[in-house]
Amino acid sequence: MTTRATAGMLPLLVASLLWGTTGTAAHFAQGLSPLAIGAASLGFGGLLQACIALPALRSARAQLAIQRRTIVVGALGIVVYPLAFYSSMAIGGIALGTIISLGSAPLFCGVLERLLGTGKLTRRWWVSAGLGIAGTALLGVSRTAGQDAMPVVVVATSVGLGLLAGANYAVYSWATARLLSAGVPRGAAVGSIFGLGGLLLMPVFVITAHGLFAAAHNVLVLAYLAVIPMFLGYLLFGMALTHVSASTATTVTLSEPAVAAVLAVLIVGERLGVYGWCGIALIGFSLILLLSPARPRVKPPVRGDVKRDRPLPVPDPS
């Protein structure tokens, strides 16, 4: 792994840790719809991204106008992702919802990059993503078995919403990376996509936030979700995308389901079982594989390509 790629890993891992707290934080919101929680977290968080990026947005407005289709596609991904993500967790539990949403994102992102011809997936990425996805699958099995087993319909609904969230996670990750690769400054790229997405989420919040004052701490929960995991987390995510591809970024963020699962067990009281902890171990192995430096490939010498076999330079007649 290059020094450039390594520089993007630390902010990705920190962002993943912050994102892993979202489900546990949302659990303490009382009387609020998951749609309201999702719209508030990424809606207000997205608007904050746009506010701090105003100077960059003004200076890059010509570039952004050229890339307006990419911005709209990314913003639509921003709109759908939190609504599906928080709904999946509300139906199937924190661990299962996070696992499916984030575990499927690398697969969707890799397929998207492959179809659009914007990236090449290495063998290391495939192995790492495979281990991570296998780990998330084990975590999911642990949540749907044992004494706390959920009905098939509930599991299927949670999984379907999680897959929808994962697909849209990949969409806005790809859109952000595409803007960066087109030369749009990081602040303008992140601010434009997240700002437009946040603006589109505001009507959803207004319509669904009827339980906002059902508990005194609901406002604090939403403020935490908007400022810490969403605003700060995605600020770090945008920084990381200047160094790594969207597919690598979403693979690294497979650590988020593990963090979310551990917090769900320790704080919320969900049960994982043996399969769940084995899944967390597989996710750890996938990250180690992705982060470990690759061996440089030594090119075998070509016959005649040695110093003594090379012809002597011909003197310049001039």
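A contact is defined here by heavy atoms within 4.5 Å. Among contacts in the protein chain between residues at least 6 apart in sequence, 88% link residues at least 24 apart. The model is predicted: local features need pLDDT of at least 70, side-chain atom pairs count only at pLDDT 80 or more, and totals for chains, interfaces and linings use all residues. Residues are numbered from 1 along each chain as its sequence is written, and side-chain values use heavy atoms, with hydrogens and water left out.

The protein chain holds 14 helices and zero strands. Both are DSSP runs numbered from the N terminus (helices: H or I, at least four residues; strands: E, at least two). Helix α11 covers residues 218-240. Its 23 residues should span 33 Å at 1.5 Å a residue, and the end C-alpha atoms lie 31 Å apart, which agrees. The expected span is 1.5 Å times one less than the number of residues. At Leu225, α11 bends by about 25°. This bend is the angle between axes fitted to the seven residues ending there and the seven starting there. Pro229 follows within four residues.

Of the 318 residues in the protein chain, 50% are buried. Buried means under 20% relative accessible area, exposed over 50%, partly exposed in between (1.4 Å probe, protein chains only). The accessible surface of the protein chain is about 15300 Å² (Shrake-Rupley method, 1.4 Å probe; for residues, only the protein chains shown count as cover). Carbon and sulfur atoms account for 69% of that surface.

Leu266 lies in helix α13 (residues 255-268). Leu266 is exposed, at 66% relative accessible area.
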